Amino acid sequence: MLVLSRKKDEKIMIGDDVTLMVIEIRGDKVRLGIDAPKDVSVHREEVFIAIRRERDVAPAEV
């Protein structure tokens with residue numbers, strides 16, 4: 001895992017197409033802005049897990 005320190009309004013580039021920006025730091029919470037192409041799904045981890053779980057238990061389509 002790569003660990004980076006960033007301040008408000010600083011960015012991290014992921015590949016050529018994804019930008020992660022620190023929008024706000026308040027107490028123990030950080031607000032992030034993510035700019036990614038429409039074909040790249042971006043979810044919070046708990047939402048991603050729920051989507052995967054729902055997809056895995058859904059009956060197979062015929």
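Analyst: Helices, which are runs of at least four residues, and strands, which are runs of at least two, are taken from DSSP and numbered from the N terminus. Please keep in mind that this is a predicted model.

User: Which strands stand at the edges of the sheet, and why is one side of each left without a neighbour?
Analyst: The sheet is open and has 3 strands with antiparallel pairing, in the order S1-S2-S3. Each edge strand has a single partner strand, so one side of it has no neighbour in the sheet, and the strands in question are S1 (11-14) and S3 (29-35).

User: Over how many bridges do S2 and S3 pair?
Analyst: Within this pairing, Leu20 stands opposite Ile34 in S3, while Glu24 stands opposite Arg31 in S3. The hairpin of S2 and S3 has 2 residues between the strands, and Gly27 takes a positive phi near 65° there. Strand S2, residues 18-26, pairs with S3 in the antiparallel sense, and the number of bridges is 7.

User: Which element gives the most to the nonpolar patch?
Analyst: The nonpolar surface patch covers about 500 Å² and is made by Ile25, Val30, Leu32, Ile34, Val40 and Val42. With 3 residues, the element that gives the most to this patch is S3.

User: Is Val42 buried, partly exposed or exposed?
Analyst: Val42 lies in the loop between S3 and helix H1 (45-57). Buried means under 20% relative accessible area and exposed means over 50%, with partly exposed in between. Because the relative accessible area of Val42 is 43%, this residue is partly exposed.

Technical notes. Residues numbered from 1 in each chain as written. Predicted model: local features only at pLDDT ≥ 70, side-chain atom pairs only at ≥ 80, totals over all residues. Heavy atoms only, no water. Pairing = 2+ DSSP bridges. Patch = residues over 30% accessible without salt bridge, like charges linked within 9 Å, V, L, I, M, F, W, Y side chains within 5 Å. Areas by Shrake-Rupley, 256 points an atom, 1.4 Å probe, with all protein chains shown as cover. Salt bridge = Lys/Arg side-chain N within 4 Å of Asp/Glu carboxyl O. Buried < 20%, exposed > 50% of the residue type's maximum accessible area, 1.4 Å probe, protein only.
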